[in-house]
Amino acid sequence: MHCLNHIHCAGTAIENAEHVCLARGARLTPIRKAVLAEIWAGHEATKAYDLISRLSTAGNVIKPPTIYRALDFLLAHGLIHRIESLNAFIGCDHPEIAHQAILMICDTCGTINEQSSDALNQLITQISHQQQFETTRQSIELHGLCVRCQTQANPN
Ligand SMILES: [Zn+2]
Ligand SMILES: [Zn+2]
Ligand SMILES: [Zn+2]
């Protein structure tokens with residue numbers, strides 16, 4: 001998604017995450033919030049090792065397990081989504097609503113656009129029931145070109 005005012009967009013997402021945690025009695029500790037804010041630095045995928053290097057300072061090197069624990073918390077509360085194909089993470093702007101994300105990943109600029117579809121989820125549930133398959137994790141990731149990169153690739 002290309003937003004027009006990302007400072008506002010990221011700020012709103014983090015405020016929303018605070019409300020969600022408060023409502024669920026979950027604690028958005030400083031490290032969890034710092035990891036979330038770092039993921040919300042943009043609409044591109046963030047990898048765990050980027051978080052480690054970006055959040056560490058000369059005097060305070062953050063250990064990988066600290067980051068992974070924070071990521072597990074954020075995932076468990078739906079505040080972020082895991083991008084399986086990139087082994088990376090993206091912030092979710094509507095964690096208060098249970099949903100399955102469809103992630104459209106632009107392979108040129110790296111921007112990720114999240115959508116969800118009840119119709120598609122129903123279809124997947126129906127297919128898995130037919131096959132007596134018990135789904136525990138679902139991931140729908142589309143790779144390609146975002147609308148902005150399509151325009152740049154084909155001017156006019
Ligand atoms: Zn934004
Ligand atoms: Zn989402
Ligand atoms: Zn793009």
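How many bridges pair S1 and S2, and in which sense, parallel or antiparallel? S1 and S2 are joined by four bridges, and they pair in the antiparallel sense. Keep in mind that you're looking at a predicted model. Here's a quick tour, starting with the overall layout and ending with a few loop residues.

**The big picture**

- The protein has six helices and five strands to find your way around.
- Starting at the N terminus, the elements come in the order α-α-α-α-β-β-β-β-α-β-α.
- The C-alpha trace spans about 50 × 50 × 25 Å along its principal axes.
- There are 156 residues in the protein, and 22% of them are buried.
- Take the contacts with a separation of 6 or more: 56% of these are between residues 24 or more positions apart.

- H1 covers residues 6-24.
- With its 19 residues, H1 reaches 27 Å from first C-alpha to last, close to the 27 Å you'd expect at 1.5 Å a residue.
- Which residues of H1 are buried? They are Ala 10, Ala 13, Ala 17 and Cys 21. These four sit on the same side of H1, because they cover an arc of only 70° around the axis.
- Here's the rule behind that pattern: an α-helix has 3.6 residues a turn, so residues three or four places apart point the same way.
- Turn to the face of H1 that looks away from the buried side, and you'll find the exposed residues Ile 7, His 8, Glu 15, His 19, Leu 22 and Ala 23.
- What do the buried residues of H1 pack against? Their packing partners are H2 and S2.

**The largest nonpolar core**

- The largest nonpolar core holds 28 residues, and the ones touching the most other members are Val 35, Leu 36, Ile 39, Leu 74, Ile 80, Phe 89 and Ile 90.
- At least two residues of this core come from each of H1, H2 (30-39), H4 (64-76), S2 and S3 (102-106). H4 gives the most, with five residues.

**The S1-S2 hairpin**

- S1 (80-83) and S2 (88-91) have a loop between them, and Asn 87 is in that loop.
- The two strands form a hairpin with four residues between them.
- Across the pair, Ile 83 stands opposite Ala 88 in S2.
- Asn 87 has a positive phi, near 50°, even though it isn't a glycine.
- Is Asn 87 buried or exposed? It counts as exposed, because it has 11 C-beta neighbours inside 10 Å, and the cut-off for exposed is 12 or fewer.

**The three-stranded sheet**

- Three strands form an open sheet with mixed pairing, in the order S4-S3-S5. S4 and S5 are the edge strands, since each pairs on one side only.
- Neighbouring strands in this sheet are turned by 20° against each other on average, direction ignored.
- S3 and S4 (residues 112-115) run antiparallel and are joined by four bridges, with Leu 103 and Glu 114 as bridge partners.
- S3 and S4 also make a hairpin, this one with five residues between the strands; Gly 110 in its turn has a positive phi of about 85°.
- On the S5 side, the pairing with S3 is parallel, over five bridges. Ile 105 stands opposite His 143 in S5.

- Where is Gln 132? It's in the loop between H5 (118-130) and S5 (140-144).
- Gln 132 has a positive phi near 50°, and it's another residue other than glycine. Gln 132 counts as exposed because it has 6 C-beta neighbours inside 10 Å.
- Gly 42 is found in the loop between H2 and H3 (48-55). It's partly exposed, with 17 other C-beta atoms within 10 Å.
- Gly 42 and Ala 13 are 29 residues apart along the chain, and 12 Å separates their C-alpha atoms.

Conventions
Residues numbered from 1 in each chain as written. Chains lettered and ligands numbered in written order. Predicted model: local features only at pLDDT ≥ 70, side-chain atom pairs only at ≥ 80, totals over all residues. Buried ≥ 20, exposed ≤ 12 C-beta atoms within 10 Å, placed from the backbone. Core = buried A, V, L, I, M, F, W, Y, C linked by C-beta atoms within 7 Å. Expected span 1.5 Å × (residues − 1). Arc of directions from axis to C-beta. Contact = placed C-beta atoms within 7 Å. Pairing = 2+ DSSP bridges. Axes fitted to C-alpha atoms, helices over the stretch in contact; angles between N-to-C directions.
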